[in-house]
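Hi everyone, thanks for coming. Let me put the structure up, and then we can walk through it together.

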Amino acid sequence: MQKRQKLIIIVGPTASGKSELAVKLAKKLNGEIISADSRQVYRGLDIGSGKVSGTWRAGHPERSEGSHAYRRGEILQQKLQNDKNKVFIYKSVPHYCIDFVSPKKTFTVAEFKKCAEAAISEIAGRGKIPILAGGTGFWVDAVAYDLNIPEVPPNPKLRRELEKKNAAALLKVLQKLDPRRAKTIEQKNPRRLIRAIEIAKALGRVPKLARRSPYHILWIGLSQSYETRSHKIETRVEKMVRQGLILEAKKLLRQGVGRKRIKEFGFEYRLTLEFVDGKPSKKELKERLLQETLAYARRQMTWWKRNADIHWISSPLHLNGTNIRRTLASFLASKSHMSKS
RNA sequence: GGGCGCGUCGCAUAGCGGCAAUUGCAUUUGGCUGUAAACCAAACGUCCUAACGGACUACGCAGGUUCGAGUCCUGCCGCGCCCA
């Protein structure tokens, strides 16, 4: 029987300190980090997505000599586009799958999955331990459970066509194409229905979702009390606005990213665009940002709550707690391979 | 002082005399098969019941008309606009 690759996964709601914990663990355990955040993959979404501020480095992640550091956004980045070994460095720890896609493109879960898997075997191949950290539940699970996401790329033309129909009509279409999936799907969710039809048209039917676990995983979750969370989020919102969330949105506009596209990058950007258009005041903007962020954190927790494998800790600082320390130690001592199998 | 209009469940809105009362936001809970910070669902006066359901309290306040009033009438209070 083949030994499974070890993987540490860090999850938690926004502003819980995932990045900090990931870096801490990476340094302690000689690991490298894979980001699992659906917006931090894009270049230019820095403040609004809460991205850490790192630099790009060409060459092998471990060979510091002969490699060059580039500040994000510099022209030299173009040179890096073709460099397979480029790596995003934050606090001297390499980060993968972050800050490398044009915001004009759409980067899907399936692409992320490939990116993360490549990074994991890359890291493991060098004898280091991969740490997957991020707030996008679906993306994390896609990797953790090797979800067999159907190989059907988005079909914009079909989607545009289907978007004209309502949920009931879409359901009828799906029922004809794939009655089995029609029974299990959320029957009032147009987005899901459209996607299911898209898959069914391409493959005949929607394949059953298989959940495997190709990795030996240690799940660590960060959670805090409601008070701590709202306090932290309030601080984060203030900081975002101060650091130039509004300028960032304007910059995206200037770069020719469409308004509709920008709104797809989440409520921060949607609300900021509304502010730019002069609807709410700055005070209202902050209030709404706070409100939306709290609601978002709640939804994230809904996703993680049902995952019984997660070891919850309340702060990155509590890594020395007896329980988590023991768990970590036995995980590291367990007999899985560190190198790729 | 005169004329008009408005006061509804946190906020905003709807409500031909049959109403625990519409819708949006917020809130709470939950879901999630290539948009996932997206998208979708449920609950949201109080109490009782496993449930169908029932009881009570509610549309600024006080009266009145009516079998029945958020809805009509009178007065009061508060708010807004216009004329003085």
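What share of the 341 residues of chain A counts as buried? It is 35%, where buried means that 20 or more other C-beta atoms, placed from the backbone, lie within 10 Å of the residue's own. Please keep in mind that this is a predicted model, where local features need pLDDT of at least 70, side-chain atom pairs count only at pLDDT 80 or more, and totals for chains, interfaces and linings use all residues. Residues are numbered from 1 along each chain as its sequence is written, while chains are lettered from A and ligands numbered from 1 in the order in which they are written.

Chain A has 14 helices and nine strands; these are DSSP runs, H or I of at least four residues for helices and E of at least two for strands, numbered from the N terminus.

Now to the RNA. Around RNA strand B there are 49 residues, counted as near if the C-beta atom, placed from the backbone, lies within 6 Å of the strand. The closest are Ser38, Ala110, Glu151, Arg191 and Gly266. Elements giving two or more residues to this surface include H12 (267–276) and H13 (282–305), and H13 brings the largest share, 10 residues.

Finally, how do those two helices meet? The axes of H12 and H13, lines fitted to C-alpha atoms over the stretch in contact, come within 10 Å and cross at roughly 165°, with angles running from 0 to 180 degrees between N-to-C directions. That makes H12 roughly antiparallel to H13, the word for angles over 145 degrees.

How values were computed
Buried ≥ 20, exposed ≤ 12 C-beta atoms within 10 Å, placed from the backbone. Parallel < 35°, antiparallel > 145°, perpendicular 65-115°, else oblique.
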